[in-house]
Amino acid sequence: MRKLDERRFEVILDSIADGVFTVDTEWRIELFNAAAERITGYKAEEAIGRVCREILRANLCDYDCPIRRAIETGEPVTNCEAVITRKDGSLLPISVSASVIRDEEGRIVGAVETFRDISELKMLEIELLDAFQFAGMVGRSRKMQEVFELIEMLAQNDVTVLIQGETGTGKSLVARAIHFLSPRGDGPFVVVNCPSIPETLFESELFGHVKGAFTGAISDKPGRFELADGGTLFLDEVAEIPTHVQAKLLRAIEDKEFERVGGSRTIKVDVRIIAATNRDLKAEVEAGRFREDLYYRLNVVTIRIPPLRERREDIPLLVQFFVEKFNAKFGKEIKGVSEGAMDLLLRYDWPGNVRELENA
């Protein structure tokens with residue numbers, strides 16, 4: 001009767017789709033079912049009697065073994081992602097659960113671990129991530145899908161574009177996408193980071209100068225407009241442009257010509273303008289800090305980038321995107337974040353938007 005019970009148990013064990021093995025208190029494998037054989041590539045007779053880490057060779061074995069955690073806490077460990085090395089040397093992502101085995105007196109005499117192949121799930125996650133990526137941006141929300149559609153449309157039209165959005169929403173990524181998807185994509189993409197340029201040098205930076213135009217002008221120097229000829233000039237945080245430069249900028253945008261500081265020769269350029277701001281430019285106009293005519297010249301077509309708090313459904317995708325990015329950069333094998341961590345990420349308002357999430 002005892003042998004019949006053991007045989008029935010083995011049949012049941014082998015009928016389970018998940019890999020199952022048990023270990024004693026010295027971590028040596030005692031049982032190893034058919035699914036465990038299929039997933040790991042090891043036969044039961046090769047595994048039984050060996051320390052489990054010698055068979056699984058998982059990335060968690062050294063620092064976060066689920067069985068060790070279950071034994072130390074006395075609590076089950078569920079759905080812990082890991083990567084094992086199969087017998088043939090190939091890597092395989094698995095989901096692991098573990099719990100302790102106790103005798104009649106309640107003493108821990110070993111542990112049982114179940115695991116399943118999640119390689120297809122991981123491939124689906126990668127495909128899903130790819131499906132919602134666009135020109136270096138990630139978003140499945142309707143608001144971001146509308147932004148992506150607008151980018152594709154505007155890339156084929158040479159109109160001036162104003163990108164509005166809070167700090168960290170990805171305005172520069174949108175500008176680059178419009179440029180590189182456009183017929184000008186092979187031309188230069190020149191960035192003017194307006195807040196970083198001293199007010200006294202702003203005109204020279206935009207339009208260049210001739211030798212002797214001011215102290216320190218020891219030679220002729222082209223400005224950003226000339227450097228962007230045939231391509232796109234991106235005015236990042238355009239509200240920071242000094243008022244005394246705005247009139248000359250307006251003329252350069254309208255007529256596509258200008259003179260260098262201290263020069264008299266008119267220079268003609270073929271430049272597309274894309275501007276971005278985190279401010280309300282209309283309010284800046286009403287406050288007298290921004291020219292109304294320049295505002296209307298820049299605001300031909302507007303793209304508004306929604307803040308992260310308005311597209312929280314994108315956060316899990318962004319988290320996975322950044323995990324993959326930093327894994328590649330730092331040689332790590334981080335698989336994701338826990339449910340508790342994701343809940344915190346979803347409930348936080350992210351005033352610094354995507355940039356803050358990436359840094360976090």
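This is a predicted model: local features need pLDDT of at least 70, side-chain atom pairs count only at pLDDT 80 or more; totals for chains, interfaces and linings use all residues.

Residues are numbered from 1 along each chain as its sequence is written, and side-chain values use heavy atoms, with hydrogens and water left out.

Q: How many helices and strands are there in the chain, and what makes a stretch count as one?
A: The chain has 16 helices and 14 strands. Both are DSSP runs numbered from the N terminus, with at least four residues (H or I) for a helix and at least two (E) for a strand.

Q: How does the radius of gyration of the chain stand against that of a compact globule of 360 residues?
A: The chain has 31 Å, whereas a compact globule of 360 residues would have a value near 21 Å. The radius is taken over C-alpha atoms, and the globule rule is 2.2 Å times the number of residues to the power 0.38. Along the principal axes, the C-alpha atoms fill a box of roughly 105 × 40 × 40 Å.

Q: Why is H14 called oblique to H15?
A: The axes of H14 (residues 315-330) and H15 (residues 339-347) come within 10 Å and cross at roughly 120°. Angles under 35 degrees count as roughly parallel, over 145 as roughly antiparallel, 65 to 115 as roughly perpendicular and the rest as oblique. The angle therefore makes H14 oblique to H15.

Q: Why are H7 and H8 called oblique to each other?
A: The axes of H7 (residues 142-155) and H8 (residues 171-180) come within 8 Å and cross at roughly 40°. H7 and H8 are therefore oblique to each other. Their contact is made by Ile151, Leu154 and Ala155 of H7 and Val174, Ala177 and Ile178 of H8. It comprises six nonpolar residues, with no polar and no charged ones.

Q: Is Pro306 buried or exposed, and how do you know?
A: Buried means under 20% relative accessible area, exposed over 50%, and partly exposed in between (1.4 Å probe, protein chains only). Pro306 has a relative accessible area of 3%, so Pro306 is buried. Pro306 lies in the loop between strand E14 (301-304) and H14. Beyond its neighbours within four places in sequence, Pro306 is in contact with Lys143, Met144, Val147, Thr169 and Arg311.

Q: What accessibility class does Val300 have, and why?
A: Val300 has 43% relative accessibility and therefore counts as partly exposed. Val300 lies in the loop between helix H13 (292-298) and E14. Not counting residues up to four places away in sequence, Val300 touches Val159 and Thr160.

Q: What is the phi of Arg57, and how accessible is Arg57?
A: Arg57 has a positive phi of about 45° although it is not a glycine. Arg57 counts as partly exposed because its relative accessibility is 36%. Its place is the loop between helix H4 (52-56) and helix H5 (66-73).

Definitions and conventions:
Axes are lines fitted to C-alpha atoms, for helices over the stretch in contact, and angles run from 0 to 180 degrees between N-to-C directions. Contact means heavy atoms within 4.5 Å. Ala, Val, Leu, Ile, Met, Phe, Trp, Tyr, Cys and Pro count as nonpolar, Asp, Glu, Lys and Arg as charged, and the others, Gly among them, as polar.
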